[in-house]
Amino acid sequence: MKDTRNSPEIEIAGLSKVFGAGASAFTALSDIDLTIAQGEFFTLLGPSGCGKTTLLRVIAGFEQPSDGSLRINAQEVAGKGPNARPVNTVFQNYALFPHMSVAQNIGFGLKMLGRARSEIDATVDEMLALVQMAHLADRKPAEISGGQQQRVALARALAPRPRVLLLDEPLSALDLKLRKGMQSELKRLQGETGITFVFVTHDQEEALTMSDRIAVMSEGRILQTGTPHEIYHRPRERFVADFIGDTNFLEVEVAEADGAAAQVKLPGGALHSARLPGGLRPGAGARVTVVIRPEQAQLVAPGQGVLAATVEKSVFFGTDTHVHLHLEGGAPFILRRQNTGAMPEPDPGSAVGLALAEGALQVVGD
Amino acid sequence: MAEPRESHRWKWLLCAPALTILVLAASGPLLIVLVYSFLTPGNMGGVIWEFSTEGWFRVFFRRDIFDPADVSLNTAHLTILWRSVWLSLQTTVICAVLGFPTAWFIATRPANTRTVWLFLITIPFWTNLLIRTFAIQELIRNSGTINTLLIWAGVIDAPIQMLFSEFAILLGMAYVFLPLMVLPLYAAMDKLDFRLVEAGYDLYASRLQVLRHVILPLVKPGFIAGSILVFIPSIGAYVTPRVLGGGRTLMLGNLIDLQFGQGRNWPLGAALAITLLVIVVAALLFYLRTLNREEGPRHG
């Protein structure tokens, strides 16, 4: 398992997709380069209309790329139909065949592949057990709940043992509690089957908790690819930082830059180190934007720390509290602290100081 | 509380005019036909009020003119009966085969052009059936458009006899009833979720397998409605076999007409009409029963 894990499953190079022609042409994907490793849980994340679903449909074969190459397991598949690719899809609305029973739905792929009846029956039973639906095998899709339909759609797509499973926002129609359950269910299934998962979502929390790696997309481009940790702590662009989690942006001046690190001058004049993303090398005196995550700042006594601020209000969230502040100079700032019960909530209007964790500042491109 | 319930109780009265018309217009004439089939024919047409089963007897049997006790099967009637059923079944199949791609074509057009295509489908209804049927006669008669063109082009030497044949009737009926198949099929396809077609392809089905396992089962209600709408008027068709069959190739409708006209045997005509009704109902029940039985077992 371990040795195959890093060999590429999907290799996309210079891929673009243009719908329509002439004046009404719409570029849905432009110049996508992406490599997904075998057995990876890979997430395409972005707002609606960013092209993530189009990219998934191109991988599935429902759309053909306008340009570029797409290889699955080292085989070029651009130009091939969906029935000629070792890839199965879990559709957003499940797209279960309404005239077939749960068992018939799950067995459909194997039946179309011309497998023997005994093999189909055995695999269907195995899949029913895998998604805990054995007791509902003879029901029609209309006779089971949304969460159960979701499981059947998963089992149907897994039954032919594809190399890659594509999931198009499969959890978006479920309520919060079911969604949490299905998230761990999906991780379990992926672990048990070892199949490469490509997961499309607009929910950043879902992406962070489930993925091995994430590609953040916007306007038909991939802005950044990386582990959830990298995407969250080392965003390269303002859009990525803004889309993932709560973020504070500060306009600062570079005091000195050296390789991947820089000293920046914060509002109020204090100097602090900041990381630079690869490819961005601002000179001394340049104005740049830095990102500070709300949990990486701490309230300290007025006059201490590196920033001065005034408390506007506190919002209680149970496990933690969000403190809304105004920095010296007027910029808004949100700080998050865990409710351990040790500290009293600051009064609105009171002056405070802010201390920043080492490595809290990340410079982003615009 | 009592007041709304009171008004509820008398609501059905609002339906009374419609119900009256339905009962009088549908079951009234049918009842008269049923009663007439058990009466004695009058000499100049009409009926004499005297009970007789002779009308029903003559649907299936005939008596020798000189020896009424000599009874044999009425093969002429049975031939016409069989021909009516057979031609109607063929018409239904032809309409289904032609109607499916037509309806599919319309259903897969962009939404704004679909209405135009549907509109085009209904255009033949604007012209009287008789005139359209005579137009077909003009096309296929021996000195008609098709034969003239073929002779002129040198494909054939002598005209092909197409008019006054079962082929002519079939052509006419398929032409007339095709829209009745296309419209319900289109309605079924319009409701079809095309993502299911994608799901079929995704699960390794070929185009033909998607058609057979996904599309056809899902548009089945359209086929059922279309088949019923085509088969029922086909089996009772009167104008088309009269004009294109030329009196030589009779169908049930023409036979019934004959009994009320030249034949002057109203009870036989009435009995034949009821026979037609029974055939239609029996065919419908059989059709729906077989369709329901097709719902397959577990992995079917």
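Not counting residues up to four places away in sequence, B:Ser227 touches B:Thr92 and B:Ala96, where two residues are in contact if their C-beta atoms, placed from the backbone, lie within 7 Å. The model is predicted: local features need pLDDT of at least 70, side-chain atom pairs count only at pLDDT 80 or more, and totals for chains, interfaces and linings use all residues. Residues are numbered from 1 along each chain as its sequence is written, while chains are lettered from A and ligands numbered from 1 in the order in which they are written.

B:Ser227 belongs to helix α11 (residues 220-235) of chain B; helices (H or I, at least four residues) and strands (E, at least two) are DSSP runs, numbered from the N terminus. B:Ser227 is buried, with 24 other C-beta atoms within 10 Å. A residue counts as buried if 20 or more other C-beta atoms lie within 10 Å of its own, as exposed if 12 or fewer do, and as partly exposed in between, with C-beta atoms placed from the backbone. Between the C-alpha atoms of B:Ser227 and B:Leu185, which are 42 residues apart along the chain, the separation is 9.8 Å.

Helix α2 of chain B (residues 16-36) has 21 residues. From its first C-alpha to its last it reaches 29 Å, close to the 30 Å expected at 1.5 Å a residue; the expected span is 1.5 Å times one less than the number of residues. In α2(B) a kink of about 30° lies at B:Ser27, shortly before the proline B:Pro29. The bend at a residue is the angle between axes fitted to the seven residues ending there and the seven starting there. Of the 21 residues of α2(B), the number buried is one, so this helix lies largely in the open.

Between the chains, 25 residues of chain A are in contact with 18 residues of chain B. On the side of chain A that touches chain B, the elements giving two or more residues are β6 (87-90), α3 (102-112) and α4 (117-130) of chain A. The most come from α3(A), with six residues. By type, the residues of this side of chain A divide into 13 nonpolar, 10 polar and two charged. Ala, Val, Leu, Ile, Met, Phe, Trp, Tyr, Cys and Pro count as nonpolar, Asp, Glu, Lys and Arg as charged, and the others, Gly among them, as polar.

In β6(A), A:Val87 and A:Thr89 point one way and A:Asn88 and A:Val90 the other way, and all are buried. Four bridges join β6(A) to strand β7 (residues 164-168) of chain A, and the two run parallel; strands pair if DSSP finds at least two bridges between them. The bridge partner of A:Val87 in β7(A) is A:Val164.

Antiparallel pairing is found in an open sheet of four strands of chain A, with the order β2-β1-β4-β5. Its edge strands, β2 (26-37) and β5 (75-76) of chain A, each pair on one side only. Within chain A, strands β1 (residues 8-19) and β4 (residues 67-72) pair in the antiparallel sense over five bridges, and A:Ser69 in β4(A) is the bridge partner of A:Ala13.

The predictor gives the complex an ipTM of 0.84 and a pTM of 0.81. For chain B the mean pLDDT is 89, and 95% of its residues reach 70 or more; pLDDT is the predictor's confidence in each residue, from 0 to 100.
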